[in-house]
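This briefing presents the overall fold of one protein and then the packing around one of its helices. Please consult the sequence and the structure while reading.

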Amino acid sequence: MAPFDPHVTPAAYLRDTLAPVLCDAYQLDSDRVALCGVGMGGQGALNLAFRHARQFRTVVAIAPDIDFHQWYGQGLPIDRMFPSQEAARQQTAVLHLHPLNWPRSMLLLCDPANRACFDGTERLASKLYSSGVPFEQDLSTTVGEPGWKYVERVIGRAVEFISGAIG
């Protein structure tokens, strides 16, 4: 079984199917749908928000795998999704940030002990800062190891941030 639908990308599903269903079901304005993800989901949330900032104005990324292209060639599903490491890199969130069209509320969270995610998250934070894009970050809270223990530690902050942003 393929890990993804061969006809509908995860981003297209979230953007075109799930978000409208949530808006209808909960009688929400579209700008009250926030994105939040962990790991590859965090990278995906950022990527989707950067590409569709008017639709997704609030995004939280927890330990996002910004540099997922570096895993290319290790026998993972990414090898089937992209023809090369460079093709994967071209789809990373960092390369889809537009200096004039970005999510209005953004929070980056990453444990400095998470070596797989920290450098990419720190690089994205630097790019956001140097581009004048407002965002919040916590790149210092640590549990000493990557994993769900960290997510449990910061999820309250993520929920508070989203609640304040979509009010």
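Contact here means heavy atoms within 4.5 Å. By that criterion, among contacts in the protein between residues at least 6 apart in sequence, 65% join residues at least 24 apart. The model is predicted.

**Overall fold**
- The protein contains six helices and four strands, and from the N terminus on its elements run α-β-α-β-α-α-β-α-β-α.
- Its C-alpha trace spans about 45 × 40 × 30 Å along the principal axes.
- The radius of gyration is 16 Å, which agrees with a compact globule, because 167 residues in such a globule would give a value near 15 Å.

**Burial and surface**
- Of the 167 residues, 38% count as buried.
- The protein exposes about 9300 Å², and carbon and sulfur atoms supply 54% of this area.

**Helix H2**
- Helix H2 comprises twelve residues, 40-51, and reaches 16 Å from its first C-alpha to its last, close to the expected 16 Å.
- Its buried residues include Gly42, Gln43, Ala45, Asn47 and Phe50.
- The buried residues of H2 pack against helices H1 (10-26) and H5 (115-131) and against strands S1 (35-38), S2 (58-62) and S3 (105-109).

**Nonpolar cores**
- The largest nonpolar core has 29 residues, and those with the most contacts inside it are Leu46, Phe50, Met106, Leu108, Leu124 and Leu128.
- H1, H2, S2, S3 and H5 are the elements that give two or more residues to this core.
- Not counting residues up to four places away in sequence, Leu46 touches Val59, Ala61, Pro64, Ile66, Ala93, Met106, Leu108 and Leu124.
- A second, separate core of ten residues includes Ile62, Leu109, Val154 and Ile162.

Key:
Residues numbered from 1 in each chain as written. Predicted model: local features only at pLDDT ≥ 70, side-chain atom pairs only at ≥ 80, totals over all residues. Heavy atoms only, no water. Expected span 1.5 Å × (residues − 1). Buried < 20%, exposed > 50% of the residue type's maximum accessible area, 1.4 Å probe, protein only. Core = buried A, V, L, I, M, F, W, Y, C linked by side-chain atoms within 4.5 Å. Rg over C-alpha atoms; globule rule 2.2 N^0.38 Å. Areas by Shrake-Rupley, 256 points an atom, 1.4 Å probe, with all protein chains shown as cover.
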